[in-house]
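User: Please examine the following model closely, with attention to one part of it in its surroundings.
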Amino acid sequence: MSIIQIIFLLLSVMAVGSALMMITSKNPVNSVLWLIVVFFAISGHYILLNAQFLAIVNIIVYAGAIMVLFLFVVMLMNLNAETEPIKNRRLQLIGVTSGGALMLIIVSAISKIDVEQLVQINAGDSGLIKVLGMNLFKNYVLPFEISSVLFLSAMIGAVVIGKKEEIDIKK
Amino acid sequence: MDIKAYIILSLVLFTIGIIGVLVRRNAIIIFMCVELMLNAVNLLLVAFSKMHAMSSAAKASTNFASDAQIFVFFIMVVAAAEVSVGLAIIVMMYRNVHTIDVNFLNRLKN
């Protein structure tokens with residue numbers, strides 16, 4: 001067993017275990033923190049695949065910006081284990097059974113096929129910032145600019161949805 | 001590393017996300033499970049791009065192999081925009097019904 005396989009197994013166990021802790025913990029704040037651990041494990045996988053740009057962007061955008069936004073909303077609403085909605089045991093059992101059945105079916109289907117494709121680990125320059133930047137600003141410059149319009153509309157949408165409707169009350 | 005290991009890892013993470021959406025009643029946790037599913041798909045896309053980088057067609061130009069990673073980058077961009085609007089909707093829902101239990105959102109039912 002090589003060192004690459006050991007690191008892969010460690011990161012996988014970390015990601016799956018933290019994801020399980022996320023959906024089972026009662027307190028929403030703990031769920032948010034476990035999801036941050038999952039994102040760090042996935043960033044570790046990106047570094048193992050030599051996709052350095054995506055690893056850094058994953059940490060900055062997901063673990064940094066998005067999860068802080070989640071944590072902010074959870075703390076704004078003052079959610080804790082006591083305010084957690086009451087769950088139906090039977091529906092929980094049905095959910096876990098159907099999800100597990102889906103996973104079993106796809107895993108068994110995948111283990112039947114005999115592809116021996118290898119993944120390039122810790123080598124190759126397709127994930128470096130230089131190559132990705134050149135590709136992004138040469139071939140994909142139009143989607144990049146359109147995404148700025150998407151961000152503008154998302155910002156306006158969040159403000160419009162989030163503000164109180166005082167105009168309707170005055171009428 | 002075999003590609004099958006990455007497929008199974010992403011599949012397990014994606015299924016945990018699905019189970020979370022089915023089991024939890026808290027709207028914010030359901031939203032976080034959607035983010036987990038997006039990340040599982042991103043991991044699979046990067047693994048496939050690095051698998052493709054081993055092929056002879058991709059060795060001619062490095063741009064060819066980095067297209068999938070540009071795609072993952074745009075998925076992250078769209079996810080960031082989606083989270084800002086989605087959390088605004090959840091805050092508005094909390095303001096109207098004073099709970100984030102999705103079972104109370106049944107006004108369209110009858």
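Predicted model: local features only at pLDDT ≥ 70, side-chain atom pairs only at ≥ 80, totals over all residues.
How many helices and how many strands make up the secondary structure of chain A?

Analyst: Residues are numbered from 1 along each chain as its sequence is written, and chains are lettered from A and ligands numbered from 1 in the order in which they are written.

Chain A has seven helices and zero strands (DSSP runs numbered from the N terminus: helices are H or I, at least four residues; strands are E, at least two). Read from the N terminus, its elements follow the order α-α-α-α-α-α-α. Chain A is more spread out than a compact globule, because its radius of gyration is 21 Å, well over the 16 Å that the globule rule gives for 171 residues (taken over C-alpha atoms; the rule is 2.2 Å times the number of residues to the power 0.38). Its C-alpha trace spans about 70 × 50 × 25 Å along the principal axes.

Helix α3 of chain A comprises 25 residues, 52–76. At 1.5 Å a residue, these should span 36 Å, which agrees with the 34 Å between its end C-alpha atoms (the expected span is 1.5 Å times one less than the number of residues). After α3(A) comes N78(A), with a positive phi near 55°.

The buried residues of α3(A) are F53(A), L54(A), A55(A), V57(A), N58(A), Y62(A), I66(A), F70(A), V73(A) and V74(A) (buried: 20 or more other C-beta atoms, placed from the backbone, within 10 Å of the residue's own; exposed: 12 or fewer; partly exposed: in between). In an α-helix there are 3.6 residues a turn, so residues three or four places apart point the same way. Across chain A, 23% of the 171 residues are buried.

As for the partner chain, 67 residues of chain A are in contact with 63 residues of chain B (C-beta atoms, placed from the backbone, within 7 Å). Helix α3 is among the elements that give two or more residues to this side of chain A, together with α1 (3–24), α2 (28–48), α4 (89–112), α5 (129–138) and α6 (141–162). The model scores ipTM 0.90 and pTM 0.89.

Methods: Contact = placed C-beta atoms within 7 Å.
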